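Open the model in your viewer and keep the selection panel at hand. The stops below go from one selection to the next.

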Amino acid sequence: MLGKLTWSAIPFDQPIPLVAGGVVIVALLAVLIWVVVKGHLPYLWREWITSVDHKRIGVMYVLLASVMFLRGGSDAILMRIQQAIAYQSQGYLPPEHYNQIFSAHGTIMIFFVAMPFVIGLMNLVVPLQLGVRDVAFPTLNSVGFWLTATGALLVNLSLVIGEFARTGWLAFPPLSGLVYSPGVGVDYYAWSLQISGVGTLVAGINLVTTVLKLRTRGMNYLRMPMFCWTTLASSLLMVAAFPILTATLAMLLLDRYLGFHFFTNEAGGNVMIFMNLIWAWGHPEVYILVLPAFGIFSEVVSTFSGKPLFGYRSMVLATMAICVISFMVWLHHFFTMGAGPDVNAIFGIASMIIAIPTGVKIYNWLFTMYGGRIRFTTPMLWSVGFMVTFIIGGLTGVLVAVPPADFILHNSMFLVAHFHNVIIGGVLFGAFAGFTYWFPKAFGFRLDERWGKAAFWCTFIGFYVTFIPLYAAGMLGMTRRMQHYDVAVWRPWMIVAVIGMAILTMAVVCQVVQLVVSIRNRESLRDRTGDPWDGRSLEWATSSPPPVFNFAISPDVRGEDAYWEMKAKARQQQFAHAQPEYQDIEMPRNSPTGFVCAFFASIMGFALIWHIWWMVILGLIGAWATFVVFAWRDHDEYVIPAADVARIDRANIEERRNLVSLAGSV
Amino acid sequence: MSELSDHSDTSFAPGDEGEHDVGARVLGYVIGLALALLLTATSFFVAGTTLVWQPSIPVALIVLAIAQMGVHLVFFLHITTGPDNTNNVLALAFGLFIVFLVVGGSVWIMSHLNQNMPPMDQIMRMQ
Amino acid sequence: MAIAATAGHGHGHGDPHHIGLVIEHPGPAPKRVVTGFGFWIFLLSDIVMFSCFFAAYAVLLGQTADGPKGAELFDQRNVAIETVCLLLSSFTCGMASIAADVRNRLWFYLAMAATGVLGLIFLALEFREFAALVARGAGPTRSAFLTAFFTLVGCHGLHVTAGILWLLTMMAQVFAKGFRADIMRRLLCFALFWHALDIIWVAVFSVVYLLGSTP
Ligand code: HEM
Ligand SMILES: [Cu+2]
């Protein structure tokens, strides 16, 4: 009746996951009870859960990423402590548990922190920057978000019901095959990625279509803000790469569920097909993550230097070049596995070539700052910190892209340091820069600068203290994923790293405090004009937070840095332009489709993991029915009358006029 | 062709044809079907025949398949190289490029891997 | 005409690089174009997914684990009939699109029904082939080659199955709601999907059945 699910699936004998899971469940219940008791549930349902507004969905993505960041971060703390004490001893984490932790850490950080964070920011900002009212497919957007959330839910469920994979974040066979991983861990891993992968694909399709087909009048390709370009490149990669992940995991699942022989050691199966395909997705994936971050830095650097982005066209070219080349280097992840000198040489060179467009970007940012009047706000600090850190990560990347060097460094702590160097220094710094930069746009008040800067410095220093020792340990021969070790020279480095981890933890605390303090002081941090940073692109042309319809009148773009020019013109003309003619606006109606779909997907995923076949069918039928019901509805739009539009817009214009005249009188 | 607006001259939905009368459109599909059937028949014939030089058969089959896909794209999916189709064609080109990389790259890499590190059961058999 | 060629009059900033002529982007595309393009992107991603199964098939083609090879298993006649079914169904699907465009319900239902029936015949033939293979001990668990074969061809079959479900839904929608603009957009997507499956089938019969059975 319940497939493989029995009481023994709950790890009563393992205190750590049980306590952790218990705390999470209690916290969730507490929040839920609070929400219900306070009567917020209808509001949440109406305004958030069923919302198809790209801004709301973007915020929910970022919220999901932030919560999962705490989970992934806890895993990281556990691992660092283990490696600091497990010298010639077993430490405090048994191997089967340690293996689950590093697998969950990688999976969560990539799929449920980095991905939703960048997708959330793109969702929030790109339609605003393009001057349009929503993304191309608003309801699908909500479906995509909720499917991502489903994946996150399943991964976390494995904490209390059953176990997680012990295979690392990419579940290489034959270890992940049925023979060596008979438990449900790999199934949790694979199904949660399959489900959230659909969500990512949907998000990618949505963003590609939005950028290519929905720009406002006059928003020619070469006038788009850089962030839109990097969004386009990143979403193109999502659309092209995620199907590869889906297919590869499908093959793994077929092996596990139906006894197929893609990656088995018998009957002609070949594990290297998995290696090959997973990395054909895996390398583009790292650029899916880092390209949007590049876009964020471009926006931030140009805004806070008060100058247009230097070398805009070369930046566009570099972005698209990275988009294409990132698909031609995947073998560098398995140089050591026998492809031979010809193949290795070609992929090694291709990998090094990708550093060229990246270098172009770095110079462009530097030249943008050169001669500018720079304001070192929190987002700008993250950007400068990124440039320094990412260069080191890129250099070590080029180093491991040299096949002979990689034979020594592959799967060592050096590699671990490399990718944390680029992912933390690139993606995470970018996410935080974007978070502080666009927070006022999303919520109408700025974040506290003091705590923001404290968070930056703790992260920056903590990062180096944690990961530079890992480079050293790697060069001393320490391999990755060690539950314990007997080599004395590695020990000091592990101890330094755990100190770094403590500093990083403080950074997270600073971020939380920053949020709390800012919410408390929101009145004094209020952004009344919609343009708190003296911005250059269209998202600053509307109020903060923007009205549902974003722009009362669709903007008419006449050049690069669209809003900057509008401001200049407005100052010249003292806002003398004629009263605009407001019109009724049609907006998509909210829809529970995404939430309901995800509900059934959760049921189906859980049932598949535990082989509860009747429940699988139930989930499938439910999802299908949801779709048909959605397809059947007659009215998916509602009208905002012109009078309302006018009222909202006039209030905003009034605030802005006050600001400009104030600035004029000083 | 319901909601043509002033934008229709700059972009086309993939799959949409320009304005033609019904007869011309049906004729398009008829031609497409005829060409597709012809190419299919040729493929099956080539695969089974002993009349042509054997090593050329795989190449011929691949060329025929690509030709037939082209026929489908043009006559059934109405993907043309006209200026109104730029985005559709570019997206298609990107997709095909990825397909080429994935299939070509995998086959190339795997053949080298198999040569240098044969799969487990082949090693067993060699012993 | 929404395209305005603004050659530098009034707003000189529009052309910072002095190219001379800037064609102003006319604004968001109409819904039909947006929907069609989005679906087009989805189809490309689907094709990339298929390409992985093709790659696996190409790599595992020789890995028969001393079991039957393609040449011993494939029945060219069956494949030829399957192919003809799909090609004809693509044609009838095109007829359905035309019928919908000229708002002719009768022809629309006829053409869609024909498409569905041809799809079902295809599925039946494929199912019979699979069943026969399994019955003679050449199921997907027999060898890596057969694993790859069943997965690739079966994945196409699953797509056709989904397509038929979609087809029925679309017929019901037209029946209930007529040729509304949103339904016409879905019909456009359906037609794209069906034609794309045909293109994949061309690759399947060429690579799997024909190339796969050359010695
Ligand atoms: C200049 C650009 C880069 C080059 C040349 C490069 C090169 C490499 C190479 C050769 C490896 C494999 C090393 C080994 O396994 O022995 C690797 C691993 C990795 N890189 Fe990079 N990289 C670059 C940038 C990036 C960026 C921007 C990211 C992420 C945003 C990234 C993320 C990763 C990850 C996650 C891994 C390890 C995955 C694993 O084995 O679990 N890299 N890199
Ligand atoms: Cu890589």
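Select the copper ion (ligand 2) in this predicted model. Its protein donors are H283(A) through ND1, H332(A) through NE2 and H333(A) through NE2. These atoms lie 1.9 to 2.1 Å from the copper ion. Along the sequence, the donor residues follow the spacing H-x48-H-H.

Now colour H283(A) and H332(A). The two residues are 49 apart and link distant parts of the chain. H283(A) sits in helix α8 of chain A, which covers residues 271–305. H332(A) is in the loop between α9 (312–325) and α10 (341–353) of chain A. Are H283(A) and H332(A) buried or exposed? Both are buried.

From the copper ion (ligand 2), draw a distance to the iron atom of ligand 1: the value is 4.4 Å. Stay on that iron atom for the next selection. Which protein residue is a donor to the iron atom of ligand 1? There is a single one, H418(A), whose NE2 is 2.2 Å away. H418(A) belongs to helix α14 of chain A.

The shell holds 25 residues, and the closest are W169(A), D406(A), H410(A), H418(A) and R480(A). Three of these can be examined one at a time:

- W169(A): an N or O atom of the side chain is 2.9 Å from an oxygen atom of ligand 1.
- H410(A): an N or O atom of the side chain is 2.6 Å from an oxygen atom of ligand 1.
- H418(A): a polar side-chain atom lies 2.9 Å from a nitrogen atom of ligand 1.

To see where the shell comes from, colour by helix. The elements giving two or more residues to the shell around ligand 1 are α8, α12 (378–400) and α14 (413–443) of chain A. Helix α14(A) supplies the largest share, six residues. Helix α14 of chain A is also where H418(A), the iron donor, is found.

Which helix gives the largest share of the nonpolar patch? Helix α1 of chain A, residues 15–37, contributes six residues.

Key: Residues are numbered from 1 along each chain as its sequence is written. Chains are lettered from A and ligands numbered from 1 in the order in which they are written. This is a predicted model: local features need pLDDT of at least 70, side-chain atom pairs count only at pLDDT 80 or more; totals for chains, interfaces and linings use all residues. Side-chain values use heavy atoms; hydrogens and water are left out. Helices (H or I, at least four residues) and strands (E, at least two) are DSSP runs, numbered from the N terminus. Donors are N, O and S atoms within 2.8 Å of the metal (3.2 Å for Na, K and Ca); water is not among the atoms, so sites may look incomplete. Buried means under 20% relative accessible area, exposed over 50%, partly exposed in between (1.4 Å probe, protein chains only). A residue is near a molecule or strand if one of its heavy atoms lies within 4 Å of it. A polar contact is a pair of N or O atoms within 3.5 Å; within protein, one must be able to donate a hydrogen and the other to accept it, and residues adjacent in sequence count only if both atoms are side-chain atoms.
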